[in-house]
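Hi there,

Here is the structure I promised to pass on. Could you open it alongside these notes and tell me what you think?

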Amino acid sequence: MDKLQYRAATAKGGVKTLLCSSGALLLWLLLFLLWPDLFHNSAWVLLLVCCLLGLVAGYGKLTEPLYVVELDQRGFSYVHHKGSWFVSWQGLSFISVPELAGHPLAYIGVKLRNYEDFLNQLQPRLAVHLMMEQRHLLIAALSSNCPSGTCPTELMVELSEYKGVTRSYKGAIAMFAHRMQLLRQLTGFDLFIPLNAIGSEPADFCRKVNQIRLQCLDNTVT
């Protein structure tokens, strides 16, 4: 099969945002030079702050990867601005939108068949950033599964060693492995992709990926 790429929704509009913010900032500076007495009003300061925030947002969009998900004959890739991870079709069980207490989460959930194949290619830098970004997901999952607040405290401990079937892992990779185990226990999934990064309807996206997985495993994909 030809590579199938899903454009990152978070990368869209970067040039437009940057140009509009730059134009507004230049206009602000021009007005300030021509009529400085107008700028005693706090509204002008707020406008300047908005222009600067627009520049930051536009630059942030431009630094996002152009494609967030790539599918090919080998498997499924997720591209993050801090790195990427890959799961082969043999190592992927399925993907879906996870739920907590009957409410869908703002993520695509990925369930793995084998942790070690995934951990062997995971970059420590990416593992750290994903754990930081998804900490609120962990807290929400713990709160949903422990409404009384009496969950064992060891659930929140980030262990620095993980023993796989054939080898042991240390540091950030081990911590990420334990986080995957805990999130699977709480949500049923190991990996998570934000919905706002997918430029596609979540249900259609999940159905397409699961279908391609089966076709690739059966060698019927074209």
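**What I found**

Let me begin with Leu-159, which is found in the loop between H5 and strand S9 (161-163); helices (H or I, at least four residues) and strands (E, at least two) are DSSP runs, numbered from the N terminus. Leu-159 counts as partly exposed, at 41% relative accessibility, where buried means under 20% relative accessible area, exposed over 50%, and partly exposed in between (1.4 Å probe, protein chains only). Leu-159 lies 15 residues from Ala-174 in sequence, and their C-alpha atoms are 7.0 Å apart in space. Not counting residues up to four places away in sequence, Leu-159 touches Ala-174, Met-175 and His-178; contact here means heavy atoms within 4.5 Å.

Two notes on how to read all this. The model is predicted, so local features need pLDDT of at least 70 and side-chain atom pairs count only at pLDDT 80 or more, while totals for chains, interfaces and linings use all residues. Residues are numbered from 1 along each chain as its sequence is written, and side-chain values use heavy atoms, with hydrogens and water left out.

As for the chain overall, there are 7 helices and 11 strands. The chain has 222 residues, of which 37% count as buried. Among contacts with a separation of 6 or more, 67% are between residues 24 or more positions apart.

Helix H5 (residues 135-145) and H6 have their axes 10 Å apart and pack at an angle of about 40°. The axes are lines fitted to C-alpha atoms, for helices over the stretch in contact, and angles run from 0 to 180 degrees between N-to-C directions. On the H5 side, Arg-135, Leu-137, Leu-138, Ala-141, Leu-142 and Asn-145 meet Arg-179, Leu-182, Leu-183, Leu-186 and Thr-187 of H6.

For H4 and H6, the angle is about 45° and the axes are 9 Å apart.

Gln-134 is found in the loop between helix H4 (124-133) and H5. At 8% relative accessibility, Gln-134 counts as buried. Leaving aside neighbours within four places in sequence, Gln-134 is in contact with Tyr-107, Arg-179 and Phe-192.

**Aromatic rings**

The structure holds 7 aromatic pairs. Rings of Phe, Tyr and Trp (its six-membered ring) pair if their centres lie within 6.5 Å; planes under 30 degrees apart count as stacked, over 60 as edge-to-face, and the rest as tilted. Trp-85 and Phe-118 are edge-to-face, because their ring centres are 5.8 Å apart and their planes are at 70°. This pair links distant parts of the chain, with Trp-85 in strand S4 (residues 83-88) and Phe-118 in helix H3 (residues 115-119), 33 residues apart. Trp-85 is buried, with a relative accessible area of 2%, and Phe-118 is buried with a relative accessible area of 2%.

Phe-94 and Phe-189 form another edge-to-face pair, 5.5 Å centre to centre with 70° between the planes. Phe-94 lies in strand S5 (residues 92-96) and Phe-189 in the loop between helix H6 (171-187) and strand S11 (191-194), so the pair ties together parts that are 95 residues apart in sequence. Phe-94 counts as partly exposed at 31% relative accessibility, while Phe-189 counts as buried at 7%.

Ring pairs also link Phe-76, Tyr-78, Trp-85, Phe-118 and Phe-176 into a cluster.

**One last residue**

Ala-101 is in the loop between strand S6 (99-100) and strand S7 (103-104). Its phi is near 55°, a positive value in a residue other than glycine. At 64% relative accessibility, Ala-101 counts as exposed.

Best wishes
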